[in-house]
Amino acid sequence: MDHAALISDLGTFLRPDQLLTSDEDCSVYAFDGTALLHQRPACVALPESREEISQLLVLCNQRGVPVVPRGSGTGLAGGSVPSQGGVALCLVRLNQILELDSANLVIVVQPGVLTQQIADAAQAAGLFYPPDPGSIKISTIGGNVANNSGGLRGLKYGVTRDYVMGLEVVLADGQVLETGNKCVKDVAGFTLKDLFIGSEGMLGVITKITLKLVPAPASKKTLLGLYDEMTQAAATVSAIIAQKIIPCTLEFLDRTTIECVEAHAGIGLPTDCEAVLLMEVDGHPAQVAEQAAQIEAIAREGGARSVRLAASDAEAQQLAAARRTAFSALARLAPTVVLEDVTVPRSELAAMVAYVQEVGQRHQVQVGTFGHFGDGNLHPTFLCDERDTEEMARVEKAMAEVFDHAVELGGTITGEHGVGLAKKPYLPGQLGPVGLEILKRVKTAFDPKGILNPGNMFD
Amino acid sequence: MSDDGLNLLRDLDYSILQQCMHCGMCLPTCPTYDATLNERSSPRGRIALMRAIADGELEAGVTFAEEMYFCLGCLACQTACPAGVDYAALFESARAEVERQGLLDGTVRNFVRRWILGWLFAKQTRLRAVARLLRAFQRSGLQTLARHSGLLRLLPFGLGNLEPLAPQISPRFTDQLYRRDLQQANPPAPRYRVALLAGCVQDISFAEVNADTICVLQHNGCQVLLPDGQACCGSLHAHNGAVEQAQQQARLNIDAFDTENLDAIVVNAGGCGLHCKHYDRLLADDPAYAKRAAVWSAKVKDVHEWLADIGLRQPRAAMPPQQVAYHESCHLKHGQRASAAPREVLQAVPNLQLVPLAEADWCCGSAGIYNITQPELSMQLLDRKMAHVCATGATAVATGNTGCAIQLQYGVRRAQAAVDVIHPVSLLAAAYRAENQGGTQCSTLA
Ligand SMILES: Cc1cc2nc3c(=O)[nH]c(=O)nc-3n(C[C@H](O)[C@H](O)[C@H](O)COP(=O)(O)OP(=O)(O)OC[C@H]3O[C@@H](n4cnc5c(N)ncnc54)[C@H](O)[C@@H]3O)c2cc1C
Ligand code: SF4
Ligand code: SF4
């Protein structure tokens, strides 16, 4: 492909600082947060307006040049890893909060706004934007929508999808589609916005997002339960749900993960137990007090060695912040961290956790597990060294078995990180031929030439 | 140009490079990424460049070199990094590689490096001699004349632009201030025996901070020594890729201090303290010094950290009320992880109210000589800092690092703000001195 001609055409409407072509620049946009995946783009575009994006897509569509949208590149499935000879379309400079409408409880933002900025803006207005992925401080809302990201509060508040009310999307041919609005109800035609949520940059480039906000909860309490066995922690989660209590957070960390998180955060987490549950309830103060007491009792019955209430809001925030670093902190133990995202029905959690341990031992690979237990979402993380091919082969096998087992238990290969390149081989097994075929037809309907993130999710 | 088998990035323990798992958690804390939103100017991007060079996938060129010098070296990324990446080591190796390959060579740059790093800052006697001339200039009224007449513009290499950044030279330097009464003011039955690293710029421009440090230490049961022959700690050299000169400075200091017989080597500048703590790494391959360097590094303490360790005595004097904001020096906060200790020092001062400063740990743009090498971003950062400082309404901003103090003083002048820039220890010293007016309990300004 003729890069020079492409670059010169893009240069007619992008300034030099918006169109990066050096080897240095292309090499730093070659990857996202996923291990082992790496591909340099032909160039990097940093548009600052919808019009620039539209122009860029018209041009690339004519020429059949691949375009891979990118937010902050924290994705964990390789979704924003560029295509060979393509454009990395980085959206971080579209970073304005356009409107906070307190009357309708919505916020309208550009895709490059960081999730944390949305949470802060909502909080400043006495409102609440609940989805809080571990990467909240740096992930973009565009990336959150395109991956339908979850967070630590998914159990009670749901995931990104539950907050998207409207989208503006530039389609592959440069046309602009508006779908959804500020209305609570809207059945005029198919709900197209839902197709773009979790679309991994394959159906269009999201340029504006209208998000729902909710009233901030009046109070909350955070508890930390320590366990000598991982399965006890899993059983506690199942018991809490079975008793019809819906905490906002039920996060799990195993011993390996706790040790790493403590090494980073230094906040005095116990490093001598096999599992920790971070539990949070929020809502009306009376109800919160009652539920916290109930949860404490359930945790103790479930075999918790101790259950502690966070003394202050600051301590609670510190615990949540520390939990968010879990994945990166595991990199303290090994140069390569391959993380999975399997999700199972919550009744199967204990079985799944035990299985992951067993697989790790059988293949002699070190695994650290943490995750959004309340959602049945586990992140078994394989700690390895990509330069050790023999070890990587074992990791590969172990991963495949974990995926298979999750599907057998009625679960999914990915709960929140997306398919991307990393889980692409496992998608057919999960969806079956009909499911996969329909996905492909949807893709063709929106992007007939297949320029948007080609080769991602399926071929 | 690169491949003569020797590549400092390739020599670097690969595990340090590989430790970065590119999660991006450091990005929002990086001032250069914040300013550009360009991945290359982010910690993750810079590490990726270093790794690509180490792997032989990328040639180290001018773009790389410039990027390494666009980095502030503020180490905010290191605090943010959950994976424990040692960015400081990466950064120093990368700059050293840039210098080894001469990627940014040029007449002016080479001249400045040779004379300023290699000659002026190599011996404190030289720096003092030049500082005396500068002091005469600052006092003579010539400075004002030179500023107004535009004469400074005649200086070669744009050196005239630096003049406003230059700090005032102290009336007397550290040794002149204390040599006389150091002995008698030391406590008769000391609990600890410590030595002060007087620093280079600190010694000539902030000599009173050294006086105050000694005073505070003496009030806390420390016998304070001020060894002769000490020199600039060499952080200036190390951060600018001049590794061999940095090693030479380290050896000079190790020779000057009777380290074995000290409880601590106290440093009152965050950047110098951080660098001194790394002498062990710097001299690890020097058989004659490696062991001594390890002992040295273990004994280096930031003054606030040391006071917290030994238990600070609360001054008894009644002091006038004052509101003070605290600006965190990057190398104190991110490098030495000392964030609570300086605040404890401030809070020990009677009647002092510590007011919260927004973005207290966001770099002020001083970053060694960044205000000289990258004036544009440096001034942006300074203006951002000053806006926050002014918003607090505090009458003083305290900071524990020489570079920050110079930068903030300049910021105060630029913003025409009525704010003092002061070292936390100076505030504490004033409180001790107020306890026994007239007595000579500590080494003080005449
Ligand atoms: C430490 C850490 C913790 C994490 N914790 C969580 C967690 O708790 N829950 C969770 O769900 N995920 C988590 N993630 C994964 C990741 O942060 C999320 O997937 C996040 O939404 C990605 O945002 P991003 O801005 O980095 O997007 P990128 O990684 O840059 O892109 C993600 C995908 O979105 C597409 N895309 C980006 N912007 C647009 C746009 N404007 N229009 C169309 N497509 C676009 C890209 O093509 C790509 O396919 C974590 C990651 C890390 C590193
Ligand atoms: S330096 Fe640390 S925080 Fe930054 S990308 Fe690398 S691992 Fe993540
Ligand atoms: S040292 Fe500072 S400027 Fe340099 S990469 Fe780290 S955070 Fe950014």
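A residue counts as near a molecule or strand if its C-beta atom, placed from the backbone, lies within 6 Å of it. By that rule 17 residues surround ligand 2, the closest being C20(B), C23(B), C26(B), C81(B) and A83(B). This is a predicted model, in which local features need pLDDT of at least 70, side-chain atom pairs count only at pLDDT 80 or more, and totals for chains, interfaces and linings use all residues. Residues are numbered from 1 along each chain as its sequence is written, while chains are lettered from A and ligands numbered from 1 in the order in which they are written.

The residues around ligand 2 come from chains A and B, so the site is shared between chains. Within chain B, α4 (43-54) and α6 each supply at least two residues of this shell; helices (H or I, at least four residues) are DSSP runs, numbered from the N terminus. The largest contribution, 3 residues, is that of α4(B). By class the shell has 13 nonpolar, 3 polar and 1 charged residues. Here Ala, Val, Leu, Ile, Met, Phe, Trp, Tyr, Cys and Pro are nonpolar, Asp, Glu, Lys and Arg are charged, and the others, Gly among them, are polar.

Chain B is assigned domain 1 (8-100), domain 2 (113-311) and domain 3 (322-434), with bounds from an automatic or database domain assignment. In chain B, 12 residues of domain 1 are in contact with 14 residues of domain 3 (C-beta atoms, placed from the backbone, within 7 Å). On the domain 1 side of chain B that touches domain 3, α3 (31-36), α5 (62-70) and α6 (76-80) each supply at least two residues. The largest share of that side, 3 residues, belongs to α6(B).

Conventions. Two residues are in contact if their C-beta atoms, placed from the backbone, lie within 7 Å.
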